[in-house]
Amino acid sequence: MWLLYLPLVIPALAGAAARPLAARLEPRHATWLLTTAAVALAACSMAALALLAAFAAAKAPFLAAVGDYSQQVMRRGDPISAAAGVAAALALTGAAVAVTVRFRSRARALAESYRRAAGLHAENGIVVMPGPAIEAYAVPGLPGRIVVSGRLLDCLDDRRRAALIAHEQAHLSSRHHLFTTVACLAAAANPLLLPVARAVDYTVERWADEHAATVTSDRRLVAQTIGQVALLAGPRRRRAAGVVLGIIGSRTPRVSVAWAGPVPRRVAALLTAPPRRQTILLAACTVIVLIAGVAALLAARDLHALLELAQGSR
Amino acid sequence: MGGEAPQRPSGAERRAAGALEAEILSILREADGPLSPGEVRRRLALRQHTGVQHTGVRDGGGPRGELSYSTVVTIVSRLHAKGLLARQRAGRGFTYTPFDEASLAARRMSQVLGSEHDHDAVLSRFVSGLSGRDARLLRELLASDPGPGNSGPGDGDPGHGGERG
């Protein structure tokens, strides 16, 4: 029965591995891998919770009478305690509620975004926004729009403008908002997957950065554009930001960006060689996700077998 | 206060204020460049003298028909506060220009979408916020880059915004 706990443990593993994976894998592969893994693991952990609850519930005399199976056989063959079953049922309910709430909220946000994008009159899909803000973002829609503040455009030369626009266009053309939305829903189902969802937020940025680097054929230019815009935009109030465990002295020449925020990591990645395809790493991750799925399936088969046994000895 | 004691606005006056805002906005839209409140007031008076009838301004604008300077200042400041007008400092006062429809729509969207967590998450921002440590790290990264295109860490300052050759 330990099999049932495997789909609950592997998401924790995925949560721990997400950030290093996002840093090592080619961004497009990383995005696909992390998003599909998040969905698969969220589904497996919900299935495992459902099975735990079902195993525990199967021992109830009432259900034994209704299902016409032997309660004694069930009690002997089934190691899941009532407490674990109740906890699983509660967790499952919580997960279902969280996914519903998050889904509705995201769907509403996307609908709003599509509606507004349709109302924006843009030249070549780009809208210049007045005012003092330093801002640039892509608005998902059919077609999507890119909004850039006039003040930011004034600060950038032509090549950097091209890099910025190419980055935002990659977000729209590759529909990155769908990846981030799906990953965020998976994290709502299982909070252990929250680091995976955050990693997807990062890898879509890297994906767009690499696209901009290809379009402008200048990685350094993209890195400098990101750096310039980030420094222009300045610090931003952050919602309960995680503690940054950077270990850099302010004057040391070698800097560690592994634990920094997304912007320095993106810049550092662009200042090094382009990422390579890592087939073995991808395969290894896929296998681990599959193990969670197989474990859930085997546990379901066990429950089925146990029920048949209990029914047979009636 | 233009020699008049300020009074609580009646319903009619409030309606007239809306009409005045619309009229001042249309004057600024028709203008070739930025206008000061004084110029706005002159053009407004000119319109009314040439007999152009505009919605509701006459019936609510008081018996004098002509607006005081301070009323015009109040209205353009209110329009500026609503985000409908851009203003530039000119001498001791300000001049005002209207934003065009597309950019107003973009800004309204930015406000609406930026206000809620999920709405914000849907937008793909070019850069997310920087912590102080991130900013320092970023400057070091850019400074340590030996490449030919590097224009140094001073790049990010608004003063010299990356005008490279």
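Colleague: How many of the 165 residues of chain B count as buried?

Modeller: Of those 165 residues in chain B, 41% are buried. Buried means under 20% relative accessible area, exposed means over 50%, and partly exposed lies in between (1.4 Å probe, protein chains only). This is a predicted model, where local features need pLDDT of at least 70, side-chain atom pairs count only at pLDDT 80 or more, and totals for chains, interfaces and linings use all residues. Residues are numbered from 1 along each chain as its sequence is written, chains are lettered from A and ligands numbered from 1 in the order in which they are written, and side-chain values use heavy atoms, with hydrogens and water left out.

Colleague: Which helices and strands are in chain B?

Modeller: Start with the rule. Helices (H or I, at least four residues) and strands (E, at least two) are DSSP runs, numbered from the N terminus. Chain B has seven helices and three strands. Along the sequence, the pattern of chain B reads α-α-α-α-β-β-α-α-β-α.

Colleague: Which residue forms a salt bridge with B:Arg125?

Modeller: The partner is A:Glu135, with the closest N and O atoms 2.5 Å apart. This pair crosses between chains. A:Glu135 sits in the loop between strand S1 (126–129) and strand S2 (136–139) of chain A, while B:Arg125 lies in strand S3 (residues 124–125) of chain B. A:Glu135 is buried, at 18% relative accessible area. B:Arg125 is buried too, at 16%.

Colleague: Where in chain A are A:Glu210 and A:Arg206?

Modeller: Both belong to helix H9 (residues 194–216) of chain A. They are four residues apart, so about one helical turn separates them.

Colleague: Is A:Arg115 buried or exposed?

Modeller: A:Arg115 is exposed, with a relative accessible area of 54%. Its salt-bridge partner A:Glu112 is buried, at 17%. The N to O distance in this bridge is 3.3 Å. A:Glu112 and A:Arg115 are three residues apart in helix H5 (residues 82–119) of chain A, so they are separated by about one helical turn. A:Glu112, A:Arg115 and A:Arg116 are linked in a network of salt bridges.

Colleague: Where is A:Phe62, and is this residue buried or exposed?

Modeller: A:Phe62 is in helix H3 (residues 61–67) of chain A. At 61% relative accessibility, A:Phe62 is exposed.

Terms used
A salt bridge is a side-chain nitrogen of Lys or Arg within 4 Å of a carboxyl oxygen of Asp or Glu.
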